[in-house]
Amino acid sequence: MTLATNTPTAPHRMKRLRGYLAAFAVAGIAGTAIIAPLSQSKPALADEAFYERINQEFVPTLVDAPIIPLATAPAEEMAPEPPPVAETKSSAGGSGPIFYTGGGAPAEWMAAAGIDPSDWGYVDYVVSRESGWNPNATNSGSGACGLVQALPCSKVPGNGYDPVDNLRWANGYAVGRYGSWAGAYDFWVSNSWW
């Protein structure tokens, strides 16, 4: 003869315990998702949009060369042209800056520029607001150029539109002027420029 009891058997107790643990885990994750953004003042490196942005391949767009009217005087009356200067010839063949036509992704550019991966969140914050990660960004009013909007563009050793040259220069600027990328980020958040 067996007695009926209301106490659950060991397998039922384990099943119930797993259910409680799962409920606590879900509640904990939901609580973290709500509380974490409120407590973070620095950019989160685990942000999905961050990883999409820094790993997205740059696809250059063609830049139209400016239309320069040709002289109509006979060739013998025209003064000889000076030799072309590399910094003033555009990738489209006209005069102007050398725009970046290579590929790559922001993560590759930051690594090649020697920026510590622990600073990539700060760099992403600043560059996203300065140029939207477009190496060919140019401020028409000031002439600031490249990913970090170096002003003047000639400050950047190499080519101000090359993302690695631009970021390498910016790394020195952030550390030299603000002490670190975190300092540059704090300044940018307070002033909307750096």
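## Basis of the description

Helices (DSSP runs of H or I, at least four residues) and strands (runs of E, at least two residues) are numbered from the N terminus. The model is a predicted one, in which local features need pLDDT of at least 70 and side-chain atom pairs count only at pLDDT 80 or more, while totals for chains, interfaces and linings use all residues. Residues are numbered from 1 along each chain as its sequence is written, and side-chain values use heavy atoms, with hydrogens and water left out.

## The loop between α4 and α5

Q149 sits in the loop that runs between α4 (120-130) and α5 (163-178). With a relative accessible area of 14%, Q149 is buried, a term that stands for under 20% relative accessible area, whereas exposed stands for over 50% and partly exposed for values in between (1.4 Å probe, protein chains only). The side chain of Q149 reaches the backbone oxygen of G146 at 2.8 Å. When neighbours within four places in sequence are left aside, Q149 is in contact (heavy atoms within 4.5 Å) with E130, S131, A137, T138, N139, A144 and N166.

P152 belongs to the loop between α4 and α5 and is partly exposed, its relative accessible area being 42%. The peptide bond leading from L151 to P152 is cis, with omega near -5 degrees. Between P152 and S142, which are ten residues apart in sequence, the C-alpha to C-alpha distance is 8.0 Å.

## Positive phi angles

W133, which is found in the loop between α4 and α5, has a positive phi of about 65 degrees although it is not a glycine. W133 counts as buried, at 6% relative accessibility. S192, in the segment after α6 (181-191), is a residue other than glycine with a positive phi, near 60 degrees.

## Packing of α2 against α4

Helix α2 (residues 48-55) packs with α4 at an angle of about 75 degrees, and their axes are 11 Å apart; such axes are lines fitted to C-alpha atoms, for helices over the stretch in contact, with angles running from 0 to 180 degrees between N-to-C directions. The two helices, α2 and α4, are therefore roughly perpendicular, the word used for angles of 65 to 115 degrees, whereas those under 35 count as roughly parallel, those over 145 as roughly antiparallel and the rest as oblique.

In this packing, F50, R53 and I54 of α2 meet W120, G121, D124 and S128 of α4. Sorted by class, the contact of α2 with α4 holds three nonpolar, two polar and two charged residues, where Ala, Val, Leu, Ile, Met, Phe, Trp, Tyr, Cys and Pro count as nonpolar, Asp, Glu, Lys and Arg as charged, and the others, Gly among them, as polar.

Technical notes. A polar contact is a pair of N or O atoms within 3.5 Å; within protein, one must be able to donate a hydrogen and the other to accept it, and residues adjacent in sequence count only if both atoms are side-chain atoms.
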